[in-house]
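Hello,

Here is the structure I promised to pass on to you. Please have it open while you read, as my notes follow below.

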Amino acid sequence: MTQRKPEQAEKLTKGLSSAQVSQNREQFGRNILQEAKKESIWKKLILQLTEITSLILLFAVVLSAYMAISYNSGWTKPIVIGSIVVLNVLIGLYQEQSAEKSLAALRDMSEPTTQVIRDGTSQRISISDIVVGDVVTLNAGDQVPADGELKKLNALTIDESILTGESEPVEKTTKAPETAPDSVGDHINKAFSGTLVTHGTGTMVVSAIGMKTEIGKIADLLNTTKRHKTALQQRLSRLSLIMTFIAVVSGVFMFILSTLHELGNPMDNLMIGVSLAVAAVPETLPVIVTISLSVGVQKMAKRNAIIRRLNSVETIGSVDVIASDKTGTLTQNKMTITRLWAFNHKPENIKAGQMLSDPATSLMRLFALDTNAVINEDHAEGDATELAIIRLLHQHHLSREHFEQDAPRIAERPFSSDKKTMSTLHELKNGHFLLIVKGALDKLPIFLSESDSQQLNKIHDEFANDALRVLGVAYREFEKKPVEDIESLEKKLTFAGIIGLIDPPRPEAKKAVHQAKQAGIKTIMITGDHKATARAIAAQIGIYQNDDLTVSGSDLKKWDDKTLAKKIDKVSVFARVSPEDKIRIVKAWQQKGKVVAMTGDGVNDAPALKAADVGIAMGITGTEVAKGASDLILTDDNFATIIEAVSSGRTIYQNVLKAIEFLVSVNFAQIFLMVGSVLFGWGVPLIAEQLLLINVLADGIPGFYLSREQGEAQAMRQPPIPSDQSIFSNGVGLRMFIRSTIYTILTLAIYAFGRFILTDNNSQVGATMLFLTLALGSMIDIYPIKARESLTLKSIKANHALNVALLAAAAIIILVALIQPLQKSFGLVELTLFQWTISLIAMFIPAILLELNKKILAKLKK
Ligand code: ATP
């Protein structure tokens, strides 16, 4: 027993060796929960084939094959339509596959990490790399990466609700329970994978990983990998369904109409009905949303914003209020002590190369002893406030270790953002004991005379108004070793002095706040720091304006929800807030119907992040708990990245709207054209193959590339679009109506022109001219649709992939119209140069009219 202990202690400080890690990984595998079985390619294929479009197309193949056999109508039709089914399914599968891949890559990027000791050094690794036997260091805010036994701990509490349903965090010990535990919750000396460290620190040796863990045993139950559709996807599916219904009804109507008019045989008429249905179903629409979302998500990831929930891509574009942390998000989190004041002496400015005065050195001794940050040659560890203390000491050839020689630390209460202080207890050479508490001045339990207190406030405010973060320190000496725990000793302290730290704003913050304002978004600062410091920085970056309010956590407590709701519009800075205050702020804004984004990093921020419409966690300084509760992770902790994400969100939404505008209006026009022509007694102008070719080549493929459109500058100069606003508002519906009408009139006209004026009732010439005008014309229209402002050469050239796809699709259409065998398969005929010229002119008419419409609307607006 006695021999074992040092061995075990060594094991805990050394951890596993690299060789043991690979050996254990080989033996026990990787630390991953088996994901829900992936859908096989066959299943996906069947799903694609059973979609309504494919079903209608397949029906058309069967029908035309039947006609080929029974009526000798030739095999071209079934072959052409069959190929289109195959093409359609292949495109669908490819798109789905690539969207899935990019989302999976994204999941890997936001995989939680954990701190382990291996080969004697502490390192951060992905939790999937954990092996059995690993020594894991747990800190408040971590997600426990595997099951294991706790070996060392300091006030460790863990939220095990995911396993036990018990919402109160459990206090852990290293002692095994005396009676055999009968449920997971009774294992007080163990920590379990997936649970969350809410407080304290601990060291654990991993005993089980992956599916062998407690959570692994219930992983099947937790497998909620079922894909939920986002709000936009749902709306688009609904729109598609309505369109499909209209298409099918028009198909049936066409069939009845042509049968009544006794045009052709019933089989032909059925075929026409079916092809109209096919042509008018916007099959590409739902896919385009998925593609737009996944392209957008990839783009955001490249710009340091990792989306964890697809729905938030849409929500972030409609954010009205961004409640942002100050330290590290709006500021650089690079702190430097520039001033200090040792009590009963004069305030001093700290200048490089200048010696510290004696009172300053005594003050810095207290700060040093009550600090945990470490700076070595190669790395710095600890929070920025403490690093600033250590840096100043090093500049003056001092260190914590130097002071600890005479005052070794015997106990500690770590910093908590609730208490905003931290304390340590030291044993002095004279046998006395020294308690040091450092932290926010208003949270230090000190007692000063009225005049001292006034002087302190005056100096504090001087520091804070210059945007300095102020940290105070106080102490208490005990003659005998105190028996109480350290927290209950924190009273009747003697005040020692303060330091002032500068933390400059991020250079891009001011511009980002300005951009947010232009985009109709209000930015508010939420910080644990002091009101005066916060206000000074908020003013520097444009968040705080002259008649704004700055409110502290204690002011906020005095406001009931009604007062808060009344005044919240005016508040731009919330200082000294607690995590609970954050939830109240989110709720107050939400009650006003606003969409709120909120940033957070600590364990206690998780509820506020969940309550916000878009919870944003910090990638660098954030805890795993905050990341787990968030919708979006900023890998650079930067406020400007949020604004970029808003801009991407708005672009994605706009691109989807553009795709709807592009596809749906022509689908409607096709229905009106077919029905109108039959009503006029002209018969059906376009046959199934022609309609299908237009649908796939001229609409579907270019439509996909709309998802790659860059955002328009204008998108960030408009107020946020309410998330429940109809997709047809803001002029989209009107533009669709105009385009549908233009196409219906134009196609009927060109058909009649070719058939009755240019020739003597040659319907095939009319049909060929109509085919060219509709196919190429609707492709040209993508330009006026994709640019909301008047077209320029720049906006035409902007989307390279789209231009290439359009050129390719146009080339195919022209080849089909020119090369004889192809012409024949698609029921087209040779046109004269004059007929070509007329068609070429006609196809530009819609684009020109759409551009004119923009100009007129712009004028009317003015
Ligand atoms: P935010 O990131 O929310 O903008 P913050 O980082 O300033 O705010 P906290 O980290 O909660 O918020 O700090 C709040 C206050 O706690 C600070 O103003 C400071 O007075 C005090 N404080 C910060 N760090 C420490 C520390 N390591 N030890 C003691 N006190 C600290």
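**A helix pair to begin with**

Helix α28 (residues 763-780) packs against helix α33 (residues 833-861) at an angle of about 35 degrees, and their axes are 8 Å apart. The two helices make a right-handed crossing. On the α28 side, the contact is made by Val765, Met769, Leu772, Thr773, Leu776, Gly777 and Ile780. They meet Gln835, Trp836, Ile838, Ser839, Ala842, Met843, Phe844 and Ala847 of α33. Sorted by type, the residues of this contact are 11 nonpolar and four polar, with no charged ones. Do keep in mind throughout that this is a predicted model.

**The open sheet**

Next, have a look at the open sheet of eight strands, which run in the order β8-β24-β23-β22-β9-β19-β21-β20 with mixed pairing. The edges are taken by β8 (305-307) and β20 (549-552); each has a single partner strand, so one side of each is left without a neighbour in the sheet. From one strand to the next, the twist averages 20 degrees. Helix α19 (residues 531-540) packs on this sheet and touches β19 (522-526), β20 and β21 (571-575). The direction of α19 makes about 140 degrees with that of β21. Within the sheet, strand β9 (residues 321-325) pairs with strand β22 (residues 596-600) in the parallel sense, over three bridges. There, Val321 stands opposite Val596 of β22.

**An enclosed strand**

**A buried lysine**

Is Lys786 buried or exposed? Its relative accessibility is 2%, and because the cut-off for buried is under 20%, Lys786 counts as buried. A polar atom of the Lys786 side chain lies 2.8 Å from the backbone oxygen of Ser795. Leaving aside residues up to four places away in sequence, Lys786 touches Lys658, Leu706, Glu709, Glu712, Ser795, Ile796, Ala798, Asn799 and Leu802.

Technical notes. Residues are numbered from 1 along each chain as its sequence is written. This is a predicted model: local features need pLDDT of at least 70, side-chain atom pairs count only at pLDDT 80 or more; totals for chains, interfaces and linings use all residues. Side-chain values use heavy atoms; hydrogens and water are left out. Buried means under 20% relative accessible area, exposed over 50%, partly exposed in between (1.4 Å probe, protein chains only). A polar contact is a pair of N or O atoms within 3.5 Å; within protein, one must be able to donate a hydrogen and the other to accept it, and residues adjacent in sequence count only if both atoms are side-chain atoms. Contact means heavy atoms within 4.5 Å. Axes are lines fitted to C-alpha atoms, for helices over the stretch in contact, and angles run from 0 to 180 degrees between N-to-C directions. Helices (H or I, at least four residues) and strands (E, at least two) are DSSP runs, numbered from the N terminus. A crossing is left-handed if the near helix is turned anticlockwise from the far one by less than a right angle, and right-handed if clockwise. Ala, Val, Leu, Ile, Met, Phe, Trp, Tyr, Cys and Pro count as nonpolar, Asp, Glu, Lys and Arg as charged, and the others, Gly among them, as polar. Two strands pair if DSSP finds at least two bridges between them.
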